[in-house]
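Hello,

Here is the structure I promised to pass on. My notes follow below it.

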Amino acid sequence: MMTGREYVESLKKLKPKVYFMGKEVESVADHPVLRPHVNAAAMTYELAHEPDYEEIMTARSHLTGEKINRFTHIHQSTEDLVKKVKMMRLLGQKTGACFQRCVGFDALNALYIVTYDVDKKLGTDYHERLKKYLLYVQKNDLMCAGAMTDVKGDRGLRPHQQKDPDMYVHAVEKTEAGIIVRGAKAHITGAANSHEIIVMPTRALGPEDKDYAVSFAVPVDTEGVYLIFGRQPNELRRLESFIDCGNAKYGAVGGEALIIFDNVFVPWERVFMCGEYEFAGELVEIFATFHRQNYGGCKVGVADVLVGATTNIAEYIGVANASHVIDKITEMMFMAEACWCGSLACSYEGYKTPSGAYMPNPLLANVTKLLITRFPYEWSRLAQDIAGGLLATCPSERDFKHPKIGKFVEKYCKGVAEVPTEHRIRMLRLIEALSIGAHLVESLHGAGSPQAQKIMIWRRGNIEAKKQLAKIIAGIEEDKYFKRITGKSEEEYFEEFMRKVKQAHK
Ligand code: SF4
Ligand code: FE
C-alpha cells in the first residue's frame, strides 16, 4: 500500500495532458490550484497506515489474501459495505472535502458484478480480464477515476440519433489488438490526479446504440486523452492567500475535469464491455447504487466539520448559548445523521450478487442520495444564518496582514474578547468554503441528479404491493387474516357492528 507521500510522488511520474485556464498543467501535484485535491486524495492512502483506522481503511483481497487499501477492494460481505461508508465519513471529517477515490472504487465493484453476468449469458471473458486488471490495481494501489457521464448533446435524442455521433463515448473501430474510442466524459471527479480512468456507458442502450455500449480502462496519460480541468468558485484564491481559501489544504469538491478521448486506442485486455448494449442499463444502475450509497458517508463527514465550525463561530461571537442557536445546530446534526442512517441502512440491507460480490440495497441507496440533494442546502443555510453577514463581507488576508490597515481589521472584526480575530476569520472562511457554491451543486448532481433517484425509487418502491395493501384494508380484496382474528367474515362483522351502532342510538 502506498503512503500519502508515495501517492503524490507517483503522480509526478505520469504525464497526463491536463489544461486549466487555457494553459497546460506541467505537474498536477505541483500546481497550486490542483494540489489541494491531490492532498485530499492522498488522505485515502495516508490513513490506511494509521493503526487506529486500519480496520476500516484496509481489507484482505479476495483474490490474493493480501492486505490492500479498501479503495481497491471488492465487497465480500455487508460488513464490507458498512466499513466502506464508515471510511467515507471518516475521510470527510479529516479533509472537509471530496477525496475523489470512491468513483473508481465503485466502478471496479460494479464492473465486477456486471462482467460476471455478461459472461454467463454470452460466453465472453470480460470477468477474467477485469480480475486481472483488478489485481494490477490492488498490487500497485492505484487511484482510478470512474468516468460515466457523457456530454449527451441533445438530451431528447438517443446516442445514435445525435447529429454529432461523439456526444456519447463510442467505439469507432475494432482491430485485432483492441478498440479505438472517441467522445468525452464530463464532470469526472479526481480525474487529473488519478493513475487510471475507468470508462462506463452512461445510460440504458438499445441495439442501434451498440457501439456506445463500451467500458474500458486507460492510464491517465494515454495518447489522445485530454483533461480540461473545470473552474470552481473562488479557486484562484489559492494563488494569493491561504486563509481566504477556507480549506486551503484539501480544497472543496473533487476537482472535476472534462475528459476528451480523441481516437484513443485501448488493448482488448483493458476492454470490459464492447457492444453488449443489453447490459448497459444494469451497469449504470449498479454503479449508481454504489455511488449513491456513499453520500450519507462523505457528505456527512463534511457536515460534521461544518457543524463544528458553526458551533465554534457561535462561541467566537458570544451567541453559543442562545436557545435558537442551539436549536439550529441541533437541526443541522439531525439532518446529517438522517443521511447517515440512509448510508448505513442500504449497506446493512445489502446482498450477495451471483458474482459473489456484495452490493447495497438500491432503493435505500437512492433514498440516501435524494436526501443529500436537499439537506446540505438546509444545513448550509443554518450555518450561514449563525455565522452572520461577515461571512460574505470579510476583509481579505492581505488586508488583515497589511502594515497600515491590519490593525483596524484586527480591532473591528473581533468577536468575544478572548478569541483572536484571526480565529474568527479562519472559521468564517471555512464555513464559506463548506457552505457555498460547488459543494452544493455536487450534492445535487453528483452520482446523478434528483430525478434519477426518483425514477429508481418509483421503480424499486414496489407500488403494486402497496396498492394491494390498501385494497385489502379497504375491503376491496379478500383479507385472509381478518376471519382468523375476529372469527367472522367481513359481512358478519359489519352486520354486528351496525347492530351495535343502532343500539347505541336508541
Ligand atoms: Fe467520494 Fe463523496 Fe467525492 Fe463522490 S462526492 S467521490 S462519494 S467523496
Ligand atoms: Fe461525487
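**What I found**

An open sheet of 4 strands has the order 5-8-9-12, with mixed pairing. Strands are DSSP runs of E of at least two residues, helices are runs of H or I of at least four, and both are numbered from the N terminus. Two strands pair if DSSP finds at least two bridges between them. At the edges are strand 5 (144-147) and strand 12 (271-274), each pairing on one side only. Neighbouring strands here are turned by 20 degrees against each other on average, direction ignored.

This is a predicted model: local features need pLDDT of at least 70, side-chain atom pairs count only at pLDDT 80 or more, and totals for chains, interfaces and linings use all residues. Residues are numbered from 1 along each chain as its sequence is written, chains are lettered from A and ligands numbered from 1 in the order in which they are written, and side-chain values use heavy atoms, with hydrogens and water left out.

Within the sheet, strand 8 (residues 196-199) and strand 9 (residues 214-219) run antiparallel, joined by 4 bridges. Ile-197 stands opposite Val-218 in strand 9.

Elsewhere, strand 6 (residues 170-174) pairs with strand 7 (residues 178-189) in the antiparallel sense, over 4 bridges. A hairpin of 3 residues joins strand 6 to strand 7. Glu-173 is opposite Ile-180 in strand 7.

Tyr-295 is in helix 7 (residues 280-316) and Glu-442 in helix 15 (residues 438-445), 147 residues apart.

Best wishes

Conventions. Axes fitted to C-alpha atoms, helices over the stretch in contact; angles between N-to-C directions.
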